[in-house]
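These notebook entries record what I looked up in one structure, entry by entry. I begin with a single residue and then widen the view.

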Amino acid sequence: MSKIDKVVLAYSGGLDTSIILKWLKNHYDCEVVCMTADLGQGEEMDGIEDKALATGAVKAYVEDMREEFVRDYVFPMFRANALYEGRYLLGTAIARPLISKRMVEIAEMEGAQAVSHGATGKGNDQVRFELATMALNPKLKTIAPWREWELKSRTDLINFAKDNGIPIPVSRKKPWSIDANLLHTSFEGGELEDPWNSPGPDCYRNITPPEMCPDEAEEITIDFEAGDPIAVNSVKYSPAALLAKLNELGGKHGIGRVDMVENRFVGMKSRGVYETPGGTILAQAHRDLEGVCMDREMMHLRDSLIPRYAKMVYNGYWFSPEREALQALIDKSQEKVTGTVRVKLYKGNCTPLGRKSPFSMYNPELATFEEDYIYDQADAEGFIKLVGLRLKGRMQQSKWGGKDTEDSCE
């Protein structure tokens, strides 16, 4: 293996990457450049550049990528109504390709030979980071310390940090692995490792427990244009600001908390708690608007592809040709998903109350239960005979052994 003189590390300032920074310097005798993407982590970003430099980084990039994250990653995924295993809104998975892209760009600017991440050898993130790097610059080596060093557990890392004077925001009392961005906050580890345990009261960050939510419901409107949200309560926002606004509203009313056991790409099951308040509101409203302005067969085709699309994102194939091709189809399907949805927020529930669109395909004169002059109900008889022809034929074949009958279609 050629000598590694410089490594770009995806640095969060948390337990793993704080230790990895020092370990890379010692183990590879190399310079380490840290890259931190501000995706909406909030106070976790405070002092992160100083911390990286104090721990030994030769340079620390701290970049505000919130708008790019929501505009170019979250919104395209939400146009697809992506849900992994029918529940998870992919808040961690969708952040990894953007972090990887910027890490590769910085590695090229800095003349680094490798990039590094803090994902464990048991998790999905190692796959996501490394597949993205392979797709964007296959010449870069990826260093995954969790697959190399002798530290085997979170407890080992905590002890290593204490021995080396590295301050960390984790203790044995609250040993969760937390990932946060504008789309979600996730919790893994600690008491959650037993799937029978209820999450503790401290395992909340952005969402108010339903028992403590306001007793009064709140109605809001969300405007969409070509599948993307553009305004809340008729006020236009940038993509990141819009998601932040919905996070505030959803969190206040206890919306968007999921506790689930999922199937990791690497082959094991894991339990996680996800808080996705704004994303849950968006997903509900977007799906509801599609009901009035999306062609039936286009919708059904797109829906059949949702599990495949979600799996691509979850497994780390954002920069794959199949995801890009599927995105083109999805974006085509969204061209007329424009309009407004009115939703009610109340104690953990987000309920659509009304929807309208300039491209609405809903015709009240056709759908009415009153007398109309458009639809001849007698026409349905022939329609039913045609669509049921194969069922009738199958029953005849089974009952009479395929012999001709008086009802034969010959």
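**Entry 1: aspartate 125.** I looked up the contacts of aspartate 125 and found that, leaving out residues up to four places away in sequence, it touches Thr92, Arg96 and Ala119; contact means heavy atoms within 4.5 Å. The model is a predicted one, in which local features need pLDDT of at least 70, side-chain atom pairs count only at pLDDT 80 or more, and totals for chains, interfaces and linings use all residues. Residues are numbered from 1 along each chain as its sequence is written, and side-chain values use heavy atoms, with hydrogens and water left out.

I placed aspartate 125 in helix α5. Helices (H or I, at least four residues) and strands (E, at least two) are DSSP runs, numbered from the N terminus. Is aspartate 125 buried or exposed? Its relative accessible area is 16%, so I recorded it as buried; buried means under 20% relative accessible area, exposed over 50%, and partly exposed in between (1.4 Å probe, protein chains only).

**Entry 2: the record.** I consulted UniProt, where an unreviewed entry lists Thr120, Asn124 and Asp125 under "binding site". UniProt positions are given in the numbering used here, feature names are shortened, and annotations may be inferred rather than shown by experiment. From an unreviewed entry I also noted residues 6-167 as "domain: Arginosuccinate synthase-like N-terminal". Over residues 6-167 I read 46% helix and 15% strand, with the end C-alpha atoms 24 Å apart.

**Entry 3: asparagine 124.** I found asparagine 124 in the loop between β4 (114-116) and α5 (125-136). Asparagine 124 counts as buried because its relative accessibility is 8%. Residues up to four places away in sequence aside, asparagine 124 touches Glu262, Arg264, Phe265, Val266 and Tyr314.

**Entry 4: the whole chain.** I noted 13 helices and 14 strands in the protein chain. The C-alpha trace spans about 85 × 55 × 45 Å along its principal axes. Of the 410 residues, 48% are buried. Among contacts with a separation of 6 or more, 71% join residues 24 or more positions apart.

I then looked up the division of the chain, which is into domain 1 (6-164) and domain 2 (177-294 + 336-356); these bounds come from an automatic or database domain assignment. To the contact, domain 1 gives 32 residues and domain 2 gives 37 residues. The centres of the two domains, taken over C-alpha atoms, are separated by 25 Å.

**Entry 5: the second largest pocket.** I recorded about 210 Å³ of space in the second largest pocket. On a 1 Å grid over the protein atoms alone, a pocket is an open set of points where a 1.4 Å probe fits, with protein on both sides within 12 Å along at least five of seven lines; lining residues have an atom within 4 Å of a point. A volume is the space filled by probe spheres set on the points.

Which domains supply the lining of this pocket? Domain 1 and domain 2 each supply at least three residues. The lining includes Arg87, Tyr88, Tyr274 and Gln284. Helix α8 (residues 277-293) gives the most to the lining, with three residues.

**Entry 6: glycine 278.** I returned to helix α8 and found glycine 278 within it. Its relative accessible area is 0%, so glycine 278 is buried. Neighbours within four places in sequence aside, glycine 278 is in contact with Leu243, Leu246 and Asn247. I also noted glycine 250, which is 28 residues from glycine 278 in sequence and 5.7 Å from it in space, C-alpha to C-alpha.
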